Amino acid sequence: MELQETNDLLAQKSPQERAEWALQQAANPVITTNFRPYESAILHLVTQLKPDIKVLWCDTGYNTRQTYECAHELINRLKLNIQIYVPRQSVGYRNVTLGIPEVDTQEHAEFSEQVKLEPFRRAMQEHQPDVWFTNLRKGQTSFRDSIDVASKSKDGIWKISPFYNYSDAELEAYIKEYDLPNEEIYYDPTKALKNRECGIHH
């Protein structure tokens, strides 16, 4: 099915119906997560439909204590089939050799490569998914405004964002309905601003 045809089909469906449809098409689906705010919604939605789906977490090593506590709670509560990928360099070594460089410098590009992009590529190469669930939403960045519920990665993987049209308030209502944790003290060292892309989704 073509991309526009797929989005026309999914436009009027609920997040659950979108996820159900995508799982029906998938031979090897995954979810990626960083346990940022509202991630519990997508993790809950998809694992209720496919409890054993692989959940790929590229842990930069710079998350807050609150984020790690929330991740631990969700991993245990939802019995996530978690697959953790970490950088090849430790935070301690990087603090000496590179630190956290200023944005828009060559050093920052190398930093992003080390802590996020290389672990992500490694995860995707190992698992070779055909469907990739994300919690991308309209209004987050200009790039995310340009996609839709269904999009394709540069490698041709189908990306499905069941909550693409949801507002923060709608996600908060979902999280409240299912009594899920929602950690808001989140830190991503590869982004100086909330509307900055790290490179994974381009």
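**Exercise 1. Find the residues that P37 touches, leaving out those up to four places away in sequence.**

Solution. Start at P37 and skip the residues up to four places away in sequence; what P37 then touches is N182, E183, E184 and Y186. Keep in mind that this is a predicted model. Now pick E183 from that list: P37 and E183 sit 146 residues apart in sequence, yet their C-alpha atoms are 5.3 Å apart in space. To place P37 itself, look at the loop between β1 and α3.

**Exercise 2. Decide whether P37 is buried or exposed.**

Solution. First, get the cut-off: buried means under 20% relative accessible area. Next, check the value for P37, which is 19% relative accessibility. That puts P37 under the cut-off, so P37 counts as buried.

**Exercise 3. Search the whole structure for cavities of 30 Å³ or more, and describe what lines the largest cavity.**

Solution. Step one is the search, and here's the idea behind it: rolling a probe the size of a water molecule over the atoms shows where empty space is left. The search turns up one cavity of 30 Å³ or more. Step two is volume: the largest cavity comes to about 40 Å³. Step three is the lining, made up of F35, R36, P37, Y38, E39, S40, C70, L74, P181, N182 and E183.

**Exercise 4. Work out the strand order of the open sheet and say which strands stand at the edges.**

Solution. Read across the six strands and you get β3-β2-β1-β4-β6-β5, with mixed pairing. The edges belong to β3 (81–85) and β5 (150–152); each has a single partner strand, so one side of each is left without a neighbour in the sheet. From one strand to the next, the twist averages 30 degrees. Zoom in on β5: this strand pairs with β6 (residues 158–160) in the antiparallel sense, over three bridges. In that pair, A150 stands opposite I160.

**Exercise 5. Find where helices α1 and α3 lie on the sheet.**

Solution. Take α1 (residues 3–10) to begin with: this helix lies across β5 and β6, running at about 155 degrees to β5. Then move to α3 (residues 39–49), which packs on the sheet and touches β1 (29–33), β2 (54–58) and β4 (131–133). The direction of α3 makes about 160 degrees with that of β1.

Key
Residues are numbered from 1 along each chain as its sequence is written. This is a predicted model: local features need pLDDT of at least 70, side-chain atom pairs count only at pLDDT 80 or more; totals for chains, interfaces and linings use all residues. Side-chain values use heavy atoms; hydrogens and water are left out. Two strands pair if DSSP finds at least two bridges between them. Helices (H or I, at least four residues) and strands (E, at least two) are DSSP runs, numbered from the N terminus. Axes are lines fitted to C-alpha atoms, for helices over the stretch in contact, and angles run from 0 to 180 degrees between N-to-C directions. Contact means heavy atoms within 4.5 Å. On a 1 Å grid over the protein atoms alone, a cavity is a set of points where a 1.4 Å probe fits but cannot get out, and a pocket is an open set with protein on both sides within 12 Å along at least five of seven lines; lining residues have an atom within 4 Å of a point. Grid points are joined across faces, edges and corners, and a volume is the space filled by probe spheres set on the points. Buried means under 20% relative accessible area, exposed over 50%, partly exposed in between (1.4 Å probe, protein chains only).
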